[in-house]
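Have a look at the model first, then read on.

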Amino acid sequence: MRVLLVEDDELLGDGLCQGLMQEGYAVDWLKDGQSAALAMDSDHFDVVVLDLMLPLQSGTDVLVNWRNQGITVPILILTALDSVDEKIQGLDFGADDYLVKPVDMGELVARLRALARRASGRGNNLVECGPVALDFTARCVSVNGEPLRVSRHEFAILEALLERPGHAVSRDHLETRLYGWSDGPESNSLEVHVHRLRGKLGDGLIETVRGLGYRFAQPGSC
């Protein structure tokens, strides 16, 4: 899952980035509302964690403008503003969830999973497609019921492919899911991760679509 974090506090922002990346998420961190307002113009995120008290443009203005533009990405407000009226206002302006600082990382991650689950129309944190099952809560994969050890990057690739089984997913989309705005460690790193994942899943489940990217073959209903 790719997360846009909008937080101007350096210490908190760094801690949130590290915690979310340890959970396997690609995190892009912005520190002011003006930059956040422009971030959706040409990019896609699975969920946004948004502070309200930001320099240059308030988080509230960013939220309202996004919703007025028809941007439907799930947004979780994370702020020090803790009154009931402020919570009501944030939710009425279009936020999907509201948390008050300081935040427990376990709760934040669980709420992000819930937002992503609802956005994708899933009823739980388990995705099954053919012989493959992916559990978002435990962050584990199994094939024909047998547990499979995968890396953080391999999990992210499989997650992206299982979101649209049978359809091609572009290299660019997969790379942003792995690294966000940061460059990958090597130009061929995506191919290396896909190759290793194929070896673990077995032949034929991940197909190369020439000139486009990769797709998860549908051996059965998903």
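Leu 5 stands opposite Val 49 in strand 3. This is a predicted model, in which local features need pLDDT of at least 70, side-chain atom pairs count only at pLDDT 80 or more, and totals for chains, interfaces and linings use all residues. Residues are numbered from 1 along each chain as its sequence is written, and side-chain values use heavy atoms, with hydrogens and water left out.

**Strand 3 and its neighbours**

A word on the terms: helices (H or I, at least four residues) and strands (E, at least two) are DSSP runs, numbered from the N terminus, and two strands pair if DSSP finds at least two bridges between them. Strand 1 (residues 2–6) and strand 3 run parallel, joined by four bridges. On to strand 4 (residues 75–79): three bridges tie it to strand 3, again in parallel, and there Leu 50 stands opposite Ile 77. Strand 3, helix 3 (residues 59–68) and strand 4 make up a right-handed β-α-β unit; right-handed says that, with the strands pointing away from the viewer, the path from the first strand over the helix to the second runs clockwise.

Which way do the side chains of strand 3 point? Val 47 and Val 49 point one way and Val 48 and Leu 50 the other, and all are buried. Buried means under 20% relative accessible area, exposed over 50%, and partly exposed in between (1.4 Å probe, protein chains only).

| Residue | Where | Relative accessible area |
|---|---|---|
| Gly 24 | loop between helix 1 (10–22) and strand 2 (26–30) | 5% |
| Pro 74 | loop between helix 3 and strand 4 | 9% |
| Ser 142 | strand 8 (residues 140–143) | 17% |

What do they touch? Contact means heavy atoms within 4.5 Å, and residues up to four places away in sequence are not counted. Gly 24 touches Arg 139 and Arg 152. Pro 74 has contacts that include Val 47 and Val 48, along with Asp 46, Leu 115 and Ala 119. Ser 142 touches Pro 131, Val 132, Ala 133, Pro 147 and Leu 148.

**The largest pocket**

The largest pocket has a volume of about 530 Å³. Of its 26 lining residues, the closest to the centre are Asp 46, Ala 116, Ala 119, Ser 120 and Glu 163. Helix 5 (105–120), helix 6 (152–163) and helix 7 (171–179) are the elements giving two or more residues to the lining, with helix 5 supplying the largest share, four residues. By class, the lining has 13 nonpolar, five polar and eight charged residues.

For the cut-offs, a pocket is an open set of points on a 1 Å grid over the protein atoms alone, where a 1.4 Å probe fits, with protein on both sides within 12 Å along at least five of seven lines; lining residues have an atom within 4 Å of a point. Grid points are joined across faces, edges and corners, and the volume is the space filled by probe spheres set on the points. Ala, Val, Leu, Ile, Met, Phe, Trp, Tyr, Cys and Pro count as nonpolar, Asp, Glu, Lys and Arg as charged, and the others, Gly among them, as polar.
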